[in-house]
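Subject: Handover of a structure and the findings from it

Dear colleague,

Please find below the structure that I am handing over to you. My findings follow directly after it.

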Amino acid sequence: MEGCVGLVGSAHNELPSGVLDVPLPLDKLSSQCGSQNCSRLNEQGTKIVVVSTGSFNPPTYMHLRMFELAKDALLSEGYDFLGGYMSPVNDSYGKQNLVLAEHRIEMCKVASSTSSFIMVDPWEARQPTYQRTLYVLDRVQDALNNTFTSEKVKVMLLCGADLLESFITPGVWIPEQVQAIFEIYGVICICRGGQDTRNVIFENDLLYNNKKNIKVVDEQIANDISSTKVRRNLERGLSVKYLIPDEVIKYIKEHYLYTHIKECTNTKFG
Ligand SMILES: Nc1ncnc2c1ncn2[C@@H]1O[C@H](COP(=O)(O)OP(=O)(O)OP(=O)(O)O)[C@@H](O)[C@H]1O
Ligand SMILES: O=C(O)c1ccc[n+]([C@@H]2O[C@H](COP(=O)([O-])O)[C@@H](O)[C@H]2O)c1
């Protein structure tokens, strides 16, 4: 399926005014059921698209692996997995050492270029202000359901265990929005760094009360790559080969990213 769709409004929350219309890429969306691990679609054969929000500063092989793990888990449960989006966070998120959004969009694009179903949604990164994750999910859901297919597509948030845990860190998320993310979208959480995610869910009321809307996916082959560790190696002039795709390394070198963090974050892209 080819083409792009623009922003078409919000399912249940008004989007903040002044949002820019950025097309949602659709070119890689298709049923992955013909691939491995698809036993039989469940009764509803629900079509699912996953969205991963984050800094992607820079994108690593583990960011890409998360989509593969989600695909395997959903297909094995009888869902029809259509594809997924990396949504790099807006520059206004203000995280330390965040390189400019246009660099992170481009790095995600080159990182996902070898995937048949991972795409990059630049909407969040290109807005004039920071956008909360609920609005990112609303935008994808609305764009897909209004123009992509007559059948309803379910959007889910794809994240690592640290992001799930941040839901319960006071002052970080808006509790009503976390509840909406669970109820309307649902979360696929990839275990990370040996953390006992099921126990974290058991011990917290908010997470426990929403456990039916959280799919925990085990990390069968441990992979603790993080962008922080990659940046540290780059700052020290050490190799990052086989941690991030070669095309991303090439992009980083060509744009002198991460070696002089201050200059990278303050220099105009291009
Ligand atoms: N090794 C990993 N295992 C599981 N999830 C991961 C892993 N690395 C990143 N993620 C998840 O990917 C999403 C985007 O992550 P993000 O861009 O913040 O990467 P990060 O490596 O955690 O970054 P940083 O080190 O800069 O904090 C988050 O949901 C995060 O939990
Ligand atoms: O929507 C929110 O309220 C919210 C609160 C905290 C974090 N997030 C999102 O979670 C992601 C965290 O990324 P990171 O790199 O800080 O781990 C990023 O995409 C943020 O926009 C979202």
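What percentage of the 270 residues of the protein chain count as buried? The figure is 39%, where a residue is buried if 20 or more other C-beta atoms lie within 10 Å of its own, exposed if 12 or fewer, and partly exposed in between, with C-beta atoms placed from the backbone.

This is a predicted model, in which local features need pLDDT of at least 70 and side-chain atom pairs count only at pLDDT 80 or more, while totals for chains, interfaces and linings use all residues. Residues are numbered from 1 along each chain as its sequence is written, and chains are lettered from A and ligands numbered from 1 in the order in which they are written.

Overall fold

The protein chain has 11 helices and 8 strands; helices (H or I, at least four residues) and strands (E, at least two) are DSSP runs, numbered from the N terminus. Among contacts in the protein chain with a separation of 6 or more, 77% join residues 24 or more positions apart. Two residues are in contact if their C-beta atoms, placed from the backbone, lie within 7 Å.

In soluble globular proteins, nonpolar side chains tend to be buried together. The largest nonpolar core here has 68 residues, and V140, L158 and V187 have the most contacts inside it. Such a core is a set of buried Ala, Val, Leu, Ile, Met, Phe, Trp, Tyr and Cys residues joined through C-beta atoms within 7 Å. Leaving aside residues up to four places away in sequence, L158 touches V50, V51, S52, M66, F67, A70, G84 and I188.

The two ligands

Ligand 1 is surrounded by 20 residues, of which G54, C159, G160, S227 and T228 are the closest; a residue is near a molecule if its C-beta atom, placed from the backbone, lies within 6 Å of it. Two or more residues of this shell come from each of β3, α1 (61–76), β6 (153–160), α5 and α9 (227–235). The largest contribution to the shell around ligand 1 is the 3 residues of α1. By class, the shell around ligand 1 holds 7 nonpolar, 10 polar and 3 charged residues. Here Ala, Val, Leu, Ile, Met, Phe, Trp, Tyr, Cys and Pro count as nonpolar, Asp, Glu, Lys and Arg as charged, and the others, Gly among them, as polar.

Around ligand 2 there are 15 residues, and T53, S55, V89, R132 and T133 come nearest. The elements giving two or more residues to this shell are β3 (47–54), α4 (133–147) and α5 (161–166). The shell around ligand 2 divides into 7 nonpolar, 6 polar and 2 charged residues.

The buried residues of α9 are S227, V230, R231 and L234. These buried residues fall within an arc of 100 degrees seen down the axis of α9, so they line one face of the helix; the arc is that of the directions from the helix axis to the C-beta atoms. Their cover includes α10. Just after α9, G237 takes a positive phi of about 75 degrees.

I225 lies in the loop between β8 (214–217) and α9, and is partly exposed, with 16 other C-beta atoms within 10 Å. Although I225 and M62 are 163 residues apart in sequence, they are 6.2 Å apart in space, C-alpha to C-alpha. Not counting residues up to four places away in sequence, I225 touches T60, Y61, M62, V230 and L243.

Helix α2

The buried residues of α2 (residues 101–112) are A101, H103, R104, I105, M107, C108, A111 and S112. Among the elements that cover them are α1, β4 (80–88), β5 (118–120), α3 (123–126) and α10 (246–254).

Backbone geometry

Most residues other than glycine have a negative phi, and most peptide bonds are trans. Which peptide bond is cis? The bond from N57 to P58 is cis, with omega near 0 degrees, and P58 lies in the loop between β3 and α1.

N97, which is not a glycine, has a positive phi of about 70 degrees. N97 is found in the loop between β4 and α2 and counts as partly exposed, with 15 C-beta neighbours inside 10 Å. Y256 also has a positive phi, near 55 degrees. Y256 is found in the loop between α10 and α11 (261–266) and is exposed, with 11 other C-beta atoms within 10 Å.

With kind regards

Key:
Expected span 1.5 Å × (residues − 1).
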